[in-house]
Amino acid sequence: SPPSPSSSSSSPKILYHPNLFPQPPPCVTVPLNGSTILPSLLILHKPPNLLIDTPPTTTLPTSSTLKKFLTSSFPNSTIRPCHQLDYSTSGLILYAMDKEVNRKVVGMFEERKVRKVYSFRGGE
């Protein structure tokens with residue numbers, strides 16, 4: 001069974017999964033709430049300094065990646081990222097548990113129908 005949200009700030013946290021949590025986090029609003037897309041999304045919080053996947057060549061640490069976390073958490077599922085976050089960036093990241101939903105959500109990002117908000121916290 002998938003893990004519950006972790007308390008470690010350096011670990012990915014599952015914020016929404018249709019079978020684990022009844023509602024997405026409050027920052028996820030229209031057009032996802034109440035849509036046919038939401039039941040096929042997985043929403044995670046990616047901490048800083050974590051790769052999404054292992055690139056062919058990198059000097060960054062690859063012992064822990066979001067892909068490895070998801071593969072171990074959902075071994076019988078094919079989960080596809082809908083967008084990217086830089087290595088040093090923390091924030092929400094959407095994964096689709098369905099190929100068609102992945103295509104739709106990736107298209108929403110490409111067409112700028114998804115609004116991303118970035119904030120900076122200095123001194124860390």
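These questions and answers walk through a predicted model of one protein.

Trainee: Which pattern does the protein follow, read along the sequence?
Mentor: Start with the parts. The protein has two helices and four strands. Read along the sequence, their pattern is β-β-α-β-β-α.

Trainee: What percentage of the protein's residues is buried?
Mentor: Buried means under 20% relative accessible area. The protein has 124 residues, and the buried share of them is 35%.

Trainee: Of the contacts between residues at least 6 apart in sequence, what share joins residues at least 24 apart?
Mentor: A contact needs heavy atoms within 4.5 Å. Take the contacts between residues at least 6 apart in sequence. The share that joins residues at least 24 apart is 57%.

Trainee: Why do the buried residues of H1 lie on the same side of the helix?
Mentor: The buried residues of H1 are Leu66, Phe69, Leu70 and Ser73. They sit on the same side of H1 because the arc they cover around the axis is only 95°. In general, an α-helix has 3.6 residues a turn, so residues three or four places apart point the same way. The value to remember for H1 is the arc of 95°.

Trainee: Is Thr65 buried or exposed?
Mentor: Thr65 sits in the loop between E2 and helix H1 (66-73). Its relative accessible area is 1%. The cut-off for buried is under 20%, so Thr65 is buried.

Trainee: Which backbone nitrogen does the side chain of His83 reach?
Mentor: His83 lies in the loop between E3 and E4. At 10% relative accessibility, His83 counts as buried. Among the residues it touches are Ile52, Phe109 and Leu94. At 3.1 Å, the His83 side chain reaches the backbone nitrogen of Leu94.

Trainee: How far apart are the end C-alpha atoms of helix H2?
Mentor: H2 has twelve residues, 99-110. At 1.5 Å a residue, the helix should span 16 Å. The end C-alpha atoms agree with that, at 16 Å.

Trainee: Which residue caps the N-terminal end of H2?
Mentor: Look for a side-chain oxygen 2.9 Å from the backbone nitrogen of Glu100. That oxygen belongs to the capping residue, Asp98.

Trainee: What is the distance in space between Ser77 and Asp98?
Mentor: Ser77 is found in the loop between H1 and E3. At 40% relative accessibility, Ser77 counts as partly exposed. In sequence, Ser77 and Asp98 are 21 residues apart. In space, C-alpha to C-alpha, the distance is 9.2 Å.

Notes
Residues numbered from 1 in each chain as written. Predicted model: local features only at pLDDT ≥ 70, side-chain atom pairs only at ≥ 80, totals over all residues. Heavy atoms only, no water. Expected span 1.5 Å × (residues − 1). Polar contact = N/O pair within 3.5 Å; in protein donor to acceptor, adjacent residues only side chain to side chain. Buried < 20%, exposed > 50% of the residue type's maximum accessible area, 1.4 Å probe, protein only. Arc of directions from axis to C-beta.
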